Amino acid sequence: MEIRPILSALSRTKIAVFLIILQIAITLAVITNAISIVNKNESDMDRPTGVDLDNTFVVSISTVNLESDPKEIMQSELAKITATPGVVAVTPGPVVPLSGNNWCGGLSTAPEGEDGTDVHMCLYRGNENFANVYDFKIIEGRNFLPEEITYLKEGEDAHIPYIMVSKAVADELFPDESAVGKNVYDGGDAEQRPKIIVGVFDQLIGGSPQRNNPFNMRIEGLVGWQNFTRYSIRTEPGELPVVMEKIEEVLKLDPNRYVSRVRSMQEYKKLAYETESAVNSMLKTIVTMLTFINILGVVSLAWFNVNKRRKQIGTRRALGARKGDIIKYFLTENWLITSMGIVLGVAIALGLNYLLDQSLEVGKMQPQFLVFGAVLLWVIGLLAVYIPALRASSISPATATRSV
Amino acid sequence: MLSMKKIEMVYRADMVETYALRNFNLDVNDGEFVAVTGPSGSGKTTFLNIAGLLEEPTSGTYELDGESVGKLSDKKRSQIRNEKVGFIFQGFNLMPDLNIFDNVDVPLRYRGFSGAERKKLIEEALEKVGLQSRMKHLPSQLSGGQQQRVAIARALAGKPRFLLADEPTGNLDSLMAQQVMQMLEDINAEGTTIIMVTHDPELAVRARRNIQILDGSVSDLDEMMHRVTEKVSAVAEEA
Amino acid sequence: MFAYYLRLAWQSIKRNIIISSLMVLALALGVGSFMITMTVYYYASSDPIPEKSDRLLAIQLDAGDIESDYEVESSKDLWASLTYLDANNLMEEDLPVVDKTLHYRFGTLVLPEDKDIDYFGAEVRATTRSFFSMFDIDFIYGGSWSEADDEGKNVIVINEEINDKLFSGEDSVGQTLKTNDGNFKIVGVIKTWDIAMPYFEPYPHIGHEFAEVYAPINTFINKEPFSFNGSMNCWKPFDRSNHDAFLQAECAWVGFWVELASKDDKPQLIESLNNYTANQKTLGRFQRPTNNFATDVNGWLKQHEVAEGPVQLMQSMSFLFLLVCLINTIGLLAAKFIGKSTDVSVRRALGASKSDIFKQNLIEVSLIGFVGGLLGLLFAVVGLRWVRELFGDSLERFSTLDPTLIIMGVVVAILASILSGIYPSWRAASAPPAANLKTQ
Ligand SMILES: Nc1ncnc2c1ncn2[C@@H]1O[C@H](COP(=O)(O)OP(=O)(O)OP(=O)(O)O)[C@@H](O)[C@H]1O
Ligand SMILES: [Mg+2]
């Protein structure tokens, strides 16, 4: 197909062609950026969490009569939960992964006033079962021993001597050596008593995955006897719905306790990423609508072009052009327009990505998205123009001889 | 009523200058029926466009009813076109979506007539061309000759004093052409000045005055003939 | 003539009914999605208390650790709350303000006396009596508690929702609200707020819930075990088993706001704050450079970027989408009008002036725009419901279109369509009249 005659035909409707090029360019920019953001959000959401999402749930519970003894209540509740068939493990603890709650505090390799490495992290608390409730691996050292757990009444303060840290934290605190057995210090402790790292676990996501370094975590071997508490419970695979119901029932038997929430970790995760999934849904909708609008634009423009050139096309046919030639003409014309749009679009896409990354930290655009967007637009364009082109090719050569 | 002096029309496209008209002089009086002939590309349509104020000449003066229309605003020119000039095209140029009534209605709308006035004028005009029974038809439902008659009705509806026709019979068979020509002659008889471009010498001779455009300038056959006859009679008188 | 043009427009639309409806659809989608994000942005960024937003100021003091070497360039770089010690001191301090208040929130368990109603959790905002007048909170029944109650009485203000739930919407002033934190005498019932979020929070964000009940801070401040919801940041160790030590501790967690008589009093206010911190320096506190800030409501919302992030992202994306829809419309209209060019030339020959043709085209375009705008509004209403579902409760307050937004939507649609129609209309009208009359 010769391109020159097409170009000269296009140059006669400069503005219309420019508009469609601009439309394709902006579409490419939006689509590629949207896909890039969707992809980033999805890969964030798909990160391993260290939680057995399908088989873990959390009960939040509080006391009606605050004068009662939380230690007694919690001990009996823990016993009841453990005894429930289908329960693998349970740990009390105020903070839950992906719940939006974060307790944070730094640790240092040296007491206050001395030179040491400081690492910021957030923390979980629980008993020796914490490691069974959650789905992380202890890659160095060991789990807490039951006697290493500190038990604490509400309002009391106590030293928490035994902790485990995530690999991310361990690598930062002790880059060149094993963290196991090392002493670390909590800046919030007035007496600067050492804590011993008994184990290092691979990973467990924090309360808010959107925070910086959501895998900088430590687990403190501590149980607080408190009026308001949460139980994290892991069940046998597939038992979750039954166990959730059963445990809620059991806990509700005590009129002095109020179960404010029973929520699966899948639900927590869904809520933790609510904004991301909402943004993704909206972006996907915009991409769909844009694709639709583009098809619309290409089809109608081609349609108008065909109509406008009916006579011309008829004449061409009368002069010997085959159907295939006419179709090829329109396809080539469309391909040319789309390609120009894509060239401009790549530039706009990169500019938009730069702006969005500056203000919203959406990350750099990966080239494959540009390729994907370009291919998408080429395909859309060719498909969209095919029907009008077919229509054009079926214009009878006799059109040339009939007056308008 | 129409007076063109030293009209020049130059089309510039891609560095190429085409002289469509040059040193074009013509006077047409009230009530005349002028047939314009000339080879293809000689400037006939260009002349009609300028006469009908569709285009502005590159230079020269054009007076219509004694008024110079050279430097008027688009609005004013449109108004003159609307009130004084009627157009008939070779291709009929009816609006395909509008029925016959609405087609004839178009120039009257721009004239600002009231609904009742318009209705009266439209019916009158359609009656004149014998198509009052087809008011609700679409152009596509009419034959070529009928379409041209609608176009004539449309041109006449506003009672212009000046009718411009560009090959009005070009797309018609000779019988139809005769009909249309007859109609134009009747209209002329009622006092409307007509300028008609045609390639058909048979039709041309039926006009009261014949001019020929050659290479963008007029050679007025009648005037030449006139002068020739005058000379001949002068010679005869002398003799 | 207008009616005539309207008829012509309708005829022309009818002739290309598919293309015209697609144009309407494209415009409606563009306007609809833009409206949705505009609505969210509008609620997130609009002034929640326009009468006095410039006189209500949040206070921040740089009481931080001398050893932390952070730089403070703006109020953004400081904790958004005060230590209880400072908030309490400032309540006593003679500041050049009309009113001031401090607040924090925590959860409690409401124990309805009616056994048919289950216990339910509620959030309590512990504050002072001035809170309600400062933030212009409307009461349905009763009012704020008395000055004497501020000393630590068991009085409470509940919101409309709880009043509806427990007292079926009737005047409950004088009744008792039982909670696991004790029994409280109800002194007032406040109306449901129609603003986006509790903007006076130390860290406001979209989706923040309003506290359900309000009670004097002194009723709870000495309670053990102490409960608190929100963000707390400590920078000096203290004895955590001692509640008094906690109240004296270097932990930022209390919100503090003042109301000025005039916004011009701000320099004096800053001066008083600087005097206060200078005095504290002599007690060994505030060892860092003096960085005290007072930020008005709109500045506060901006500082916390409540209208940024996803809101901004979706807004820019929907704007670009609208732009594509408009360009698409321009292209389609241009093509359409070019298709009509013989029609235009004939009209011109029959006496239509440029402006006649322009008007005719513009009316056609506006008609498409108007229908597109109305449809877009419909899309926006439906879309907002959908968006609300996507974002869960956090957008609950964002899902209604108020009249301002509806008017804005229609204006955007018509403006958009006219803008996209001007060029094609003008192009079609200004084509030389003779150009398309020659038989092709
Ligand atoms: N828009 C234009 N641009 C450039 N040249 C033009 C334009 N319109 C007409 N011309 C040129 O002006 C000259 C006169 O054209 P015009 O249409 O008046 O001829 P005509 O006498 O009507 O011919 P025909 O009998 O074939 O209709 C021709 O040479 C033509 O090529
Ligand atoms: Mg001609």
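**Close-up 1. Strand 1 and strand 13 of chain A in the predicted model, joined by seven bridges.** Strand 1 of chain A and strand 13 of chain A run antiparallel, and seven bridges join them. One point at which this pairing can be followed is A:F57, whose bridge partner in strand 13 of chain A is A:S264. Helix 7 of chain A, residues 265-272, packs on the sheet and touches strand 1, strand 12 and strand 13 of chain A, with its direction making about 75° with that of strand 13 of chain A. Helix 3 of chain A, residues 70-83, lies across strand 1, strand 2, strand 12 and strand 13 of chain A, and runs at about 160° to strand 2 of chain A.

**Close-up 2. The open four-stranded sheet of chain A.** The four strands stand in the order 2-12-1-13, and their pairing is antiparallel. Strand 2 (87-92) and strand 13 (257-264) of chain A each have a single partner strand, so at these two edges one side of each strand is left without a neighbour in the sheet. From one strand to the next, the twist averages 20°.

**Close-up 3. Strand 9 of chain A and the strands to which it is bridged.** Strand 3 of chain A, residues 107-108, is joined by two bridges to strand 9 of chain A, residues 183-186, and the two run antiparallel. Within this pairing, the bridge partner of A:L107 in strand 9 of chain A is A:D186. Strand 9 of chain A is also joined to strand 10 of chain A, residues 195-201, again by two bridges and with the strands running antiparallel. Here A:V184 has A:K195, in strand 10 of chain A, as its bridge partner.

**Close-up 4. The interface between chain A and chain C.** Of the two pairs of chains in contact, chains A and C share the most contacts, with 51 residues of chain A and 50 residues of chain C taking part. The area buried between chain A and chain C is about 4400 Å², and carbon and sulfur atoms give 78% of it. In chain A, the residues that lose the most area to chain C are A:Y258, A:M282 and A:F304, which together account for 14% of what that side buries. The count of salt bridges between chain A and chain C is zero, while four residue pairs are found in polar contact across the interface, both residues of each pair being at pLDDT 80 or more. On the side of chain A that touches chain C, the elements giving two or more residues are helix 2 (14-45), strand 1 (56-63), helix 8 (274-308) and helix 10 (323-360) of chain A. Helix 8 of chain A gives the most to this side, with 20 residues. The residues of the side of chain A that touches chain C divide into 29 nonpolar, 15 polar and seven charged.

**Close-up 5. The interface between chain B and chain C.** In this interface, 24 residues of chain B are in contact with 27 residues of chain C, and the two chains bury about 2300 Å² between them, with 57% of it on carbon and sulfur atoms. B:D97, B:R109 and B:Y110 are the residues of chain B that lose the most area to chain C, together 29% of what that side buries. The count of salt bridges between chain B and chain C is three; C:R7 forms a salt bridge with B:D102, in which the closest N and O atoms are 3.1 Å apart. Across the same interface of chain B and chain C there are 11 residue pairs in polar contact, with both residues at pLDDT 80 or more. Helix 1, helix 2 (74-84) and helix 3 (100-111) of chain B each supply at least two residues of the side of chain B that touches chain C, and helix 3 of chain B gives the most to that side, with six residues. By class, the side of chain B that touches chain C has eight nonpolar, seven polar and nine charged residues. Chain A and chain B, in turn, are joined by no contact, and their closest C-alpha atoms lie 8 Å apart.

Close-up 6. Strand 1 of chain B, residues 2-13, pairs with strand 2 of chain B in the antiparallel sense over nine bridges, and B:R12 has B:E17, in strand 2 of chain B, as its bridge partner.

Key. Residues numbered from 1 in each chain as written. Chains lettered and ligands numbered in written order. Predicted model: local features only at pLDDT ≥ 70, side-chain atom pairs only at ≥ 80, totals over all residues. Heavy atoms only, no water. Pairing = 2+ DSSP bridges. Contact = heavy atoms within 4.5 Å. Buried area = accessible area lost by both parts, 1.4 Å probe. Salt bridge = Lys/Arg side-chain N within 4 Å of Asp/Glu carboxyl O. Polar contact = N/O pair within 3.5 Å; in protein donor to acceptor, adjacent residues only side chain to side chain. Nonpolar A, V, L, I, M, F, W, Y, C, P; charged D, E, K, R; others polar. Axes fitted to C-alpha atoms, helices over the stretch in contact; angles between N-to-C directions.
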